[in-house]
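My entries follow the display.

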Amino acid sequence: MTTEVVQTGYGPVRGSDDGRVRIWKGLRYAAAPVGDLRWRAPQPPEPWTEVADATAFGPVSPQPRSPIPMGLGTRADEDCLFLNVWAPSDSSGGPKPVMVWVHGGAYIFGSGSQPLYDGATLAAGSDVVVVTINYRLGVLGFVDFSSFDPRFDSNVALRDVLAALRWVRDNIAGFGGDPDRVTLFGESAGAGIVTTLLAVPEAAGLFSRAIAQSSPATSVYDSSRARAVAQLVLDRLGMTAQEAHAAPVQALVDASAQVFDHVPTATPGRLAFAPTVDGDLVPDYPVTLARAGRTHPVPLLIGTNKDEAALFRFMRSPLMPIAPKTIRTMFEEIADDQPSLQLPTYEQIGSVYRGRRARTRSLGMASDVGFRMPTVWFAEGHSTVAPVYLYRFDWATPIFKLIRLGAAHATELIYVWGNLVSGSRDVTFKLGGLKTGEALSARMRARWASFAATAEPAGLPGEPHWAPYRADERATLVIDAQDRVVDDLDGRIRATWGDQVLSFR
């Protein structure tokens with residue numbers, strides 16, 4: 001193990017090199033968002049002159065007790081705006097494509113230092129520079145108090161991601177990366193940030209490709225809803241916005257947890273925390289802008305998993321409506337909120353899943369309303385301004401089939417990162433499938449890295465050609481034990497849902 005010092009725009013940092021990858025952890029990309037900077041846009045860090053140690057991860061954003069494994073020794077702190085870099089030890093061949101990861105976690109959980117997102121395999125095996133970032137979560141990052149006090153900014157978590165992208169633009173060349181080939185990629189809430197930033201004017205030029213895995217692209221709320229959520233938080237705190245600005249961080253975390261649980265229970269289909277159409281950073285709903293041809297013209301790789309909702313049933317989470325009664329309630333509330341929409345009826349949508357058991361039918365409806373249709377709507381619109389590559393992830397290990405998880409939400413992540421087994425307690429391959437999983441991972445990593453390098457997701461030799469999504473064919477890559485390309489895979493659900501975007505405002 002050797003060390004390597006890189007000079008950034010703020011000061012020198014020392015990382016490590018194990019002969020396979022060079023790693024820098026806990027790189028500060030913004031000043032601590034504490035004190036006066038709570039609920040404010042991130043500010044540049046203060047420069048330093050001494051060599052800073054970059055061999056340990058920085059603190060993660062404060063959050064409730066997470067169902068996501070965060071790694072041993074993880075520390076939470078409001079001073080959390082750090083990123084991490086993995087670069088191949090072999091620096092030959094010139095500057096390498098850069099992949100900047102935005103983690104998921106329902107906008108309230110997670111970090112860029114989760115063990116799953118160790119970038120060594122992806123960086124070394126795919127010859128790319130990998131960057132993972134933290135951003136503010138829950139009440140600290142996704143509650144808009146600007147209508148209560150003009151000192152506060154809206155969408156501060158999105159502004160965190162923009163600040164990290166600016167750091168990458170200005171500094172990544174020193175780590176062997178090509179600032180002209182930056183791919184922003186993320187999953188779930190992270191993918192929601194990706195699709196939102198595709199519609200944010202301030203993001204122009206900060207990334208040249210985008211990958212969105214299971215984006216809740218329509219879960220973006222208007223200013224009135226943002227104010228209502230902010231008021232819920234203040235009610236839980238028993239404070240004014242000015243008092244909350246100085247509240248202990250644990251009180252804010254506790255309020256985050258309470259509101260996070262309350263909102264989807266009271267209003268099925270809605271998240272407590274999400275980006276906001278504020279008329280400032282986010283001018284309109286991202287799917288609306290995509291369908292108007294007003295997103296940034298960068299190539300996009302986008303898709304979902306076949307059985308998205310199965311994870312939320314397995315975890316008994318209220319985040320997605322699963323039972324027929326809650327799905328009906330969700331449709332009624334959307335119809336009340338947006339009476340001009342010509343929504344299909346519950347029965348019309350249910351007919352798409354005819355022949356399935358009631359529980360399976362509800363899971364299919366929930367997966368499509370929460371993830372698949374928002375993805376298809378976004379892909380249809382964005383394909384008018386840039387190439388779009390649409391996929392569906394169908395692979396499930398034998399044990400995941402047995403416990404009725406299937407290709408559930410987030411199950412594709414281990415294959416993208418190449419970190420297939422997380423320890424002796426990991427049951428993913430207990431009934432077999434590891435050899436198939438390793439081959440599938442190699443294929444996915446090859447396509448993702450090819451897209452980052454060339455803007456085209458070329459497969460390994462012998463794999464099917466994945467053509468861009470166009471209105472005449474609507475090519476879709478189905479990722480399974482054997483990959484295949486299917487034209488208009490979503491024809492039935494697309495015809496049933498229609499062209500009017502159902503959104504959770």
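I looked up Trp86 and found 1% relative accessibility, so Trp86 counts as buried (under 20% relative accessible area; exposed is over 50%, partly exposed in between; 1.4 Å probe, protein chains only). Phe57, at 34%, counts as partly exposed.

The model is predicted: local features need pLDDT of at least 70, side-chain atom pairs count only at pLDDT 80 or more, and totals for chains, interfaces and linings use all residues. Residues are numbered from 1 along each chain as its sequence is written, and side-chain values use heavy atoms, with hydrogens and water left out.

I searched the whole structure for aromatic pairs and got 19 (ring centres of Phe, Tyr or Trp, its six-membered ring, within 6.5 Å; planes under 30 degrees apart are stacked, over 60 edge-to-face, the rest tilted). Phe57 and Trp86 have ring centres 6.4 Å apart and planes at 50°, so I logged the pair as tilted. Phe57 lies in the loop between strands S4 (52–53) and S5 (82–88) and Trp86 in S5, so the pair ties together parts 29 residues apart in sequence (strands are DSSP runs of E, at least two residues, numbered from the N terminus).

I next took Trp101 and Phe185, an edge-to-face pair at 4.6 Å centre to centre and 65° between the planes. Trp101 is in strand S6 and Phe185 in strand S8, so this pair ties together parts 84 residues apart in sequence. I found both residues buried.

I also noted a cluster of Trp39, Phe145, Phe148 and Phe152, linked by ring pairs.

Note on methods
Helix = DSSP H or I, 4+ residues; strand = E, 2+ residues; numbered from the N terminus.
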